[in-house]
Amino acid sequence: AGWNFTAGFPVDYTFFKGPNNATDWVTSARLIQSYELEVNKTDTAGYVSTTYFDSNTQAIKQGYYSSITQAWLWKRHAGFDVVAYKGDSQSNRRVNHSLGKIPEMIWVKNTDTARDWVVYHKGLNGGTNPQNYYLVLNSNSAEASTQYIWSQYPPTTTQFEVDATGVVNDNNE
């Protein structure tokens, strides 16, 4: 059985989840067509032929959980973007985005190696130098301080920076 989740807009990113059960939070994006990640795990992206974006307004997940499965769908627009980049292990690596405004939250996941999901949020450290802090999405740990995730430079209206650490910028990953 398959589930077609249809929106009235172009679907660029989605979560699938069976509510009220212990299933994983599965996510995929049009840019990584047929690859999935589990937000609650460090696993690498896995190819799954049953997840795909077959039209401009649908995300399809075949054989997934049950009839109560839910999906949350987003489109790339002024308040949301999806970016895929290949790491280069260089400090102060600039990554372009198309928000046209300063991102308030950024999630980064190395899809080639089992690593944590790291999160920037404008409110980290009480909003003072939040680029020097991060959260781990797949953990319930408190915010942590480091200069080796976001290069200590705040995001701009066109870019965010990552440092030379493997969790966000490993060479060729």
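## A tryptophan and its surroundings

Is Trp74 buried, partly exposed or exposed? In this predicted model, Trp74 is partly exposed, with a relative accessible area of 30%. Buried would need a value under 20%.

## Aromatic pairs

The structure holds 11 aromatic pairs. One of them joins Phe15 and Trp74. This pair is edge-to-face, with 5.5 Å centre to centre and 80° between the planes. Phe15 sits in strand β2 (residues 13–17) and Trp74 in strand β8 (residues 70–74), so the pair ties together parts that are 59 residues apart in sequence. Phe15 is buried, and its relative accessible area is 10%.

Tyr120 belongs to strand β11 (residues 117–121), while Trp150 lies in the loop between β13 (144–145) and β14 (159–162), so the contact ties together parts that are 30 residues apart in sequence. Both Tyr120 and Trp150 are buried.

## A ring cluster

Ring pairs also build a cluster. Its members are Tyr13, Phe15, Trp25, Trp72, Trp74, Phe80, Trp107 and Trp117.

## Strands side by side

Now look at strand β4 (residues 35–38). Strand β3 (residues 26–29) pairs with β4 in the antiparallel sense, over two bridges. Thr27 has Leu37 of β4 as its bridge partner. The two strands, β3 and β4, form a hairpin with five residues between them. Ser34 lies in the turn and has a positive phi of about 70°.

β4 also pairs with strand β5 (residues 46–47), in the antiparallel sense and over two bridges. Here Glu36 has Gly46 of β5 as its bridge partner.

Methods. Residues are numbered from 1 along each chain as its sequence is written. This is a predicted model: local features need pLDDT of at least 70, side-chain atom pairs count only at pLDDT 80 or more; totals for chains, interfaces and linings use all residues. Side-chain values use heavy atoms; hydrogens and water are left out. Rings of Phe, Tyr and Trp (its six-membered ring) pair if their centres lie within 6.5 Å; planes under 30 degrees apart count as stacked, over 60 as edge-to-face and the rest as tilted. Helices (H or I, at least four residues) and strands (E, at least two) are DSSP runs, numbered from the N terminus. Buried means under 20% relative accessible area, exposed over 50%, partly exposed in between (1.4 Å probe, protein chains only). Two strands pair if DSSP finds at least two bridges between them.
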